[in-house]
Amino acid sequence: MFTLAEVASLSDIQPTYRILKPWWDVFMDYLAVVMLMVAIFAGTMQLTKDQVVCLPVLQSTVNSRVQPDTAGKADFTTVETTTAQEEASMRTVSFTPTVTPDILLSRATSSQYQPTESDQELKKEQKDSSGRKTNLDFQQYVFINQMCYHLALPWYSKYFPYLVLIHTIILIVSSNFWFKYPKTCSKIEHFVSILGKCFESPWTTKALSETACEDSEENKQRLTGAQSLPKYVSTSSDEGSPSASTPMITKSGFKFSADKPMIEIPSVTILDKKDGEQAKALFEKVRKFRAHVEDSDLIYKLYVGQTVIKTVKFIFILCYTANFVNTISFEHICNPKVEHLIGYTQFECTHNMAYMLKKLLISYISLICVYGFICLYTLFWLFRIPLKEYSFEKVREESSFSDIPDVKNDFAFLLHMVDQYDQLYSKRFGVFLSEVSENKLRGISLNHEWTYEKLRQHVSRNAQDKQELHLFMLSGVPDAVFDLTDLDVLKLELIPEAKITAKISQMTNLQELHLYHCPAKVEQTAFSFLRDHLRCLHVKFTDVAEIPAWVYLLKTLRELYLIGNLNSENNKMIGLESLRELRHLKILHVKSNLTKIPPNITDVAPHLTKLVIHNDGTKLVVLNSLKKMTNVAELELQNCELERIPHAIFSLSNLQELDLKSNSIRTIEEIISFQHLKRLTCLKLWHNKIVSIPSSITHIKNLESLYLSNNKLETLPAAVFSLQKLRCLDVSYNSIAVIPVEIGLLQNLQHFHITGNKVDVLPKQLFKCVKLRTLSLGQNCITSIPDKVSQLLQLTYLELKGNCLDRLPATLGQCQLLRKSGLVVEDHLFDTLPSEVKEVLNQDTGIPFANGI
């Protein structure tokens with residue numbers, strides 16, 4: 001036997017799943033439990049009570065009685081008439097009155113037949129009896145009762161309780177299968193867990209409270225002075241009050257009195273760090289759960305399938321059960337064909353439980369009908385509305401979170417099911433689908449963590465002696481940043497939700513802003529301030545679309561640095577917005593992978609004084625647009641795979657500095673065309689593949705700096721030393737073996753670098769360049785330093801490390817500006833100097849150290 005607890009557990013669902021059980025599922029569960037009780041009750045009665053009781057029908061009575069209609073009953077044998085003598089001869093056992101059971105035919109039954117002579121004689125012999133003795137022993141009665149139970153009793157009367165039990169178990173399993181099926185229960189468990197945490201999260205209450213505050217501020221003017229009082233508003237009026245099993249919610253909203261309209265604004269408290277972290281984790285869980293569940297509709301299909309199965313089951317049970325209601329009767333005729341054992345061919349049997357089973361069956365049919373109508377209603381609900389789509393439109397209207405997205409597939413179906421339990425769940429859950437809500441949470445947590453004192457500790461001074469703050473990988477820009485009014489440079493890196501508010505107008509010293517992978521949003525007031533005050537802007541991006549649109553409207557911007565991909569498939573025409581509005585832009589620095597100079601850059605070409613293009617090795621082919629940049633004074637084309645000096649450069653009449661670093665230039669024969677660039681003073685051709693310097697270089701009369709390091713030069717032509725204005729010459733890391741004596745002609749030379757060559761002898765003429773301040777001779781083959789080095793009275797930096805020297809000249813002490821910090825030699829060589837020279841070199845001086853490059 002089953003205990004009540006064991007039976008109840010068959011339909012028990014985990015309490016956490018109750019929110020996914022609409023009223024019809026709950027009602028059907030209870031109906032299933034009642035049907036289960038009916039089955040158990042009927043089965044218990046059949047097991048504990050007598051099944052049937054049978055009495056033999058005497059032959060004389062059978063001959064004279066009218067055969068009853070046995071249609072619809074068990075398969076009975078035809079009654080054979082035998083004589084009293086045959087009956088007597090068949091008896092093999094004699095019975096005494098003391099052992100024969102006192103079971104007789106009733107008078108009512110006997111009266112239905114016409115009396116015979118034998119009956120009259122028997123009545124005379126047994127005057128005190130009310131019926132005839134059958135002379136059967138107890139074992140024979142038990143035997144015939146068992147035989148007739150299986151032969152005469154209809155099968156439905158015997159198995160009705162067990163069929164009810166099986167049907168009910170199938171219905172219970174069908175109702176709860178979607179909670180147990182592996183591919184759905186995992187999603188359901190996650191959903192219920194996340195939904196419960198979202199419902200109880202302090203952030204939910206805070207977000208809804210802020211919404212109430214915002215709504216109250218918007219409606220304040222409308223409510224004040226109104227002639228008629230507005231309708232009472234309460235968060236519990238539409239959403240219903242939570243049950244005892246659901247967590248209570250802090251109720252906030254409007255409260256009005258009959259005398260004077262009043263608005264009660266709930267106090268908004270700052271979440272502690274733990275609550276904030278939990279809310280952040282919930283946003284991430286909801287985002288991942290949505291991505292996982294929205295891609296299929298398995299839960300919806302499974303629920304529809306189990307509902308259809310229950311409906312079909314209901315129809316099947318109702319159809320066959322209704323046909324067998326009348327088969328359950330009290331009286332049955334039995335012909336077991338065991339007359340050789342019993343002596344009787346026909347028996348009349350009574351089914352003791354017939355009345356009770358019939359009542360239970362009618363009750364069961366009633367329950368099944370109710371169950372079936374609920375199944376039909378469930379199917380109507382499933383197909384009446386599109387359950388694979390869920391809209392938060394009502395929530396968006398009632399709250400400030402207008403960005404709550406609509407969901408689909410299984411996610412939508414689960415929310416529809418929750419709405420049948422209590423719509424309050426989905427309303428509070430919608431808070432965690434809103435990016436606005438998430439941003440508010442991040443802002444609160446961010447401001448709580450990054451206070452003014454903490455930000456002040458991160459302020460440093462850069463190389464330009466400016467106060468600089470670098471914020472990296474934060475969820476947003478802390479409000480306290482805008483309180484640093486003396487800040488000069490602000491760097492924001494990897495802050496996807498950066499927002500610059502109107503408070504930035506307090507930062508009157510701010511002139512430089514860095515946005516590294518940070519598509520910052522700017523309020524209107526903040527934009528007005530940046531437009532009038534910002535001078536330098538650095539933008540680093542992956543795709544050109546990440547560049548904020550407001551960047552192109554900064555009219556007073558002087559310097560713009562763009563670092564990112566401008567030549568991808570997504571940017572077929574290099575989608576820079578028009579730079580036409582940047583009328584004061586002077587310096588444009590582009591570090592990208594260009595194949596041509598973007599046409600939009602020409603919008604600001606007349607204003608530019610410096611253009612820098614740093615490629616990643618992509619060959620820059622089209623350079624014709626350079627001709628339009630007539631005011632460019634500095635031009636850098638680095639790592640652009642240039643093989644020759646572009647002809648477009650020769651049209652830049654105002655060019656003063658040209659840098660073609662890290663290209664593939666082998667010959668510079670075009671250098672003769674530089675004679676048209678009267679203002680060119682600096683030429684940087686370093687890190688190329690130049691093998692020789694043409695003599696036409698003499699035509700660049702005004703050249704002051706020439707950088708040819710990291711090339712393949714083997715000699716220095718005399719033409720180089722005819723550039724009388726040359727102040728800096730860098731030929732480091734080539735294959736030069738001899739320094740020409742003509743170097744003495746460069747009387748204005750201040751910086752000479754020939755490190756990393758093959759020089760073994762220093763010409764005396766080198767020391768006629770008395771204005772030299774920097775002399776780099778390291779990593780050569782020099783064996784000695786002439787004493788005439790003392791003539792370089794302005795020398796502040798001397799590099800000799802990596803040569804073949806065995807001593808240093810003592811005359812180094814006469815170089816008045818040279819100090820040990822500016823003397824780069826091996827320690828053992830420095831020890832060869834006289835002590836007095838060492839003392840001179842070790843003296844501290846207030847003269848700043850001057851390096852060449």
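**Aromatic pairs and helix packing**

Modeller: In this predicted model, Trp24 and Trp381 are both buried.

Colleague: How are the rings of Trp24 and Trp381 arranged: stacked, edge-to-face or tilted?

Modeller: The ring centres of Trp24 and Trp381 lie 4.9 Å apart, and the planes stand at 50°. Planes under 30 degrees apart would count as stacked and those over 60 as edge-to-face. The pair of Trp24 and Trp381 is therefore tilted.

Colleague: Which helices does the pair of Trp24 and Trp381 link?

Modeller: The two residues are 357 apart in the chain, so the pair links distant parts of it. Trp24 belongs to helix H2 and Trp381 to helix H15. The helices linked are H2 and H15.

Colleague: Are H2 and H15 roughly parallel or roughly antiparallel?

Modeller: Helix H2 (residues 23–48) packs against helix H15 (residues 354–384) at an angle of about 160°, with the axes 10 Å apart. Angles over 145 degrees count as roughly antiparallel. H2 and H15 are therefore roughly antiparallel.

Colleague: How many charged residues does the contact of H2 with H15 hold?

Modeller: The residues of this contact include 23 nonpolar and two polar.

Colleague: Is Tyr303 buried or exposed?

Modeller: Tyr303 forms a tilted aromatic pair with Phe413, at 5.5 Å centre to centre and 55° between the planes. The relative accessibility of Tyr303 is 0%, and the cut-off for buried is under 20%. Tyr303 therefore counts as buried.

Definitions and conventions. Residues numbered from 1 in each chain as written. Predicted model: local features only at pLDDT ≥ 70, side-chain atom pairs only at ≥ 80, totals over all residues. Heavy atoms only, no water. Axes fitted to C-alpha atoms, helices over the stretch in contact; angles between N-to-C directions. Helix = DSSP H or I, 4+ residues; strand = E, 2+ residues; numbered from the N terminus. Parallel < 35°, antiparallel > 145°, perpendicular 65-115°, else oblique. Nonpolar A, V, L, I, M, F, W, Y, C, P; charged D, E, K, R; others polar. Phe/Tyr/Trp six-rings, centres within 6.5 Å; stacked < 30°, edge-to-face > 60°. Buried < 20%, exposed > 50% of the residue type's maximum accessible area, 1.4 Å probe, protein only.
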